[in-house]
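Have a look at the chain first, and then we can walk through it by topic.

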Amino acid sequence: MARLVPGTRALLSEEDEPDACADVCDLTGRVQDSAVALWRNTQIRSLRKRPQYQLSFSEWLSAELQVHRSRDALTDAERQEYEQWACHQYLHMSECDGGCDGDVTQICARIISAVLDHHTTSRTGARSPPPTDCCLPDLLSLLQAFLYEELLTHSASKDTGHFLWDLIDSRCSVTPDPDSIAQELKYQQTLHDVSRVLALLPAALLVSARTDRRTLDCRRMMDHITHVQRRASGSAGLLSFSLTAHFLKAVVCVGASCAGPADAVNACVSEFSAQCPLLLLSAARWWRRLSVVLSSQWKRLTGRDALPQQLQMLDDSHSWSSRLIKGLASAAPAAPSWLLAAALHSVLRRSDSESRRRVLTQLDDKDQVWLFLFLYSVMELISAQLNDDVCVKRVRDASAGLLAHLLLHDADWLLLFDQSGSDHRLSGFSSRVASPQILRLMPFAFYSILSALDSEVLTRAIRSPGFLYRAAVCYRDLSQLIMSGSTTQQQVLLEARKLLMTSISLSSRTCLSLSQRKQLCSEYEELDAEISAALAHVT
């Protein structure tokens, strides 16, 4: 009634006097006047107080999200006015009556939960309005308004955004059964929905300034990014543009309020670089669009043109990559090799093969940029294969070209395919930026790339120190992946077996230690007796 007849909204307060005669009043006038008269009737009022005729805030949210805007009796403006009124009613209603006891964080948490539940319900085939025709935008606008109010009220508190991260942690705390594909996909979708909602919230809620007002506390954000990375399945595990932009805007926004804005932002970005490089890796991927957003925000909040040093490093790395693609050789900026490689990879993936060759000839042969560039190319290859992308051949050929160079200049390339827990910096870095799914499919990428090499380069690869052992382990792992249904590339397995047998025939006895030989022969005894026998007789 309150939704359709605005005149009844004022009659919901306890101070409103009942009208015992309302049931005998003239009901021949306007419908709205009649509705108001009935709403004041003593018997109707007594019904309204019964639990079965009351909606909790969560129930009201669920019902409102079922409304089709195109079929609603209210106009957009009328509906938004009603929803705002209703939210404020529930805000001040006691918790035992289904309200929020005046707690703004509670009303925000319930709206977020309702939105996430609505996303889940929409995917299960349950009857609900199409995303473009439901009231979701209205409720998200109200959520942003309440969060902004909370942000202003508690601007000095370091706990402002903790309720938000607590809610998100509660939604993402259930770890799915690793053997259940359905549970894993459902969990990935939950993370995706959470990230979509995060990108719509005030950025300043995601990071807080510590009590000294000189440094930022971004631990909860890093935990969430790590959580997303561990469950990522596509786009080479990178964060989306909207999420990357929102997280960095949060750092800039809260950093600008500190005593030393540039120092606070630099310290925070450095912390991400050391502990959660995926955010900067994603920033390098989207920097052409991202730089405009961050530069504008920084200047608007601080009045300064120059970005903080750590963000400028991203800009310098991208400018260096852009100069290389134009054939303008220049010294690389002072940035980690993995970041330079990320910026270069972002540029190269949009270039033709001739441009790629021209760029790569300008890199220092001994620079680790090559190694990290190979890592990103391998991640992209696996992602393209998972998504059945048309660019698989292009990415595989690019990876093969990078490997051909590494075979001449860097023996560490094999460590990329070592999933045994090696403490080498490349292994440690890849585990922090690649999802477990990407890492599990490294054996697939190993043989996929080798199959794209010409015979001369392949022979060089086979003669690399430690190659035979790594090839044998990767073949074993690839066989297990295919048997478990993690990949259906049977042709790759056949080619991998052929390559492994060729590697064995071209390898000397000293290429395997005694313990490695015993380990491999034992593992292959049941998997492939012919390979086991061949390994036992390497000459």
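Two residues count as in contact when they have heavy atoms within 4.5 Å. With that in hand, take the contacts in this predicted model between residues at least 6 apart in sequence: 73% of them join residues at least 24 apart. The chain has 539 residues, and buried residues make up 50% of them.

**Overall make-up**

- The secondary structure comes to 26 helices and two strands.

**Cysteines**

- A disulfide is a covalent bond between the sulfur atoms of two cysteines.
- Counting pairs of cysteine sulfur atoms within 2.5 Å gives zero disulfides here.
- Cys108 is in no disulfide, and the nearest cysteine sulfur, that of Cys100, is 9.0 Å away.
- Cys108 has a relative accessible area of 0%, so this residue is buried.
- Cys521 also counts as buried, because its relative accessibility is 16% and the cut-off for buried is under 20%.

**Aromatic pairs and the cluster**

- How many aromatic pairs does a search of the whole structure find? The search finds 17 aromatic pairs.
- Phe417 and Phe446 form an edge-to-face pair, at 5.1 Å centre to centre with 75 degrees between the planes.
- This pair links distant parts of the chain: Phe417 lies in the loop between helix H18 (392-409) and helix H19 (425-433), while Phe446 belongs to helix H21 (residues 442-450), 29 residues apart.
- Phe417 counts as buried at 3% relative accessibility, and Phe446 is buried with a relative accessible area of 1%.
- Tyr447 and Tyr475 make another edge-to-face pair, with 6.4 Å centre to centre and 85 degrees between the planes.
- Here too the pair links distant parts of the chain, with Tyr447 in helix H21 and Tyr475 in helix H23 (residues 467-483), 28 residues apart.
- Are Tyr447 and Tyr475 buried or exposed? Both Tyr447 and Tyr475 are buried.
- One aromatic cluster brings these rings together: Phe417, Phe446, Tyr447 and Tyr475 belong to it, along with Phe374, Trp413, Phe467 and Tyr524.

**Arginines over rings**

- Arg9 lies over the face of Trp85, at 5.7 Å from the ring centre.
- Over the ring of Phe241 sits the charged end of Arg289, 3.8 Å from the ring's centre.

**Around Phe57**

- Phe57 is found in helix H3 (residues 57-64).
- With a relative accessible area of 0%, Phe57 is buried.
- Which residues does Phe57 contact, leaving aside its neighbours within four places in sequence? Phe57 is in contact with Cys87, Tyr90, Gly98, Cys100, Ile107, Arg110 and Ile111.
- Among those partners is Cys100, whose sulfur is the nearest cysteine sulfur to that of Cys108.
- Phe57 and Gln89 are 32 residues apart in sequence, and their C-alpha atoms are 9.4 Å apart in space.

**Helix H12**

- Why is helix H12 (residues 278-285) described as largely enclosed by the rest of the structure? Seven of its eight residues are buried, so the description follows from that count.
- The buried residues of H12 are Leu278, Leu279, Leu280 and Leu281, together with Ser282, Ala283 and Ala284.

Definitions and conventions: Residues numbered from 1 in each chain as written. Predicted model: local features only at pLDDT ≥ 70, side-chain atom pairs only at ≥ 80, totals over all residues. Heavy atoms only, no water. Helix = DSSP H or I, 4+ residues; strand = E, 2+ residues; numbered from the N terminus. Buried < 20%, exposed > 50% of the residue type's maximum accessible area, 1.4 Å probe, protein only. Phe/Tyr/Trp six-rings, centres within 6.5 Å; stacked < 30°, edge-to-face > 60°. Lys NZ or Arg CZ within 6 Å of the ring centre and 35° of its normal.
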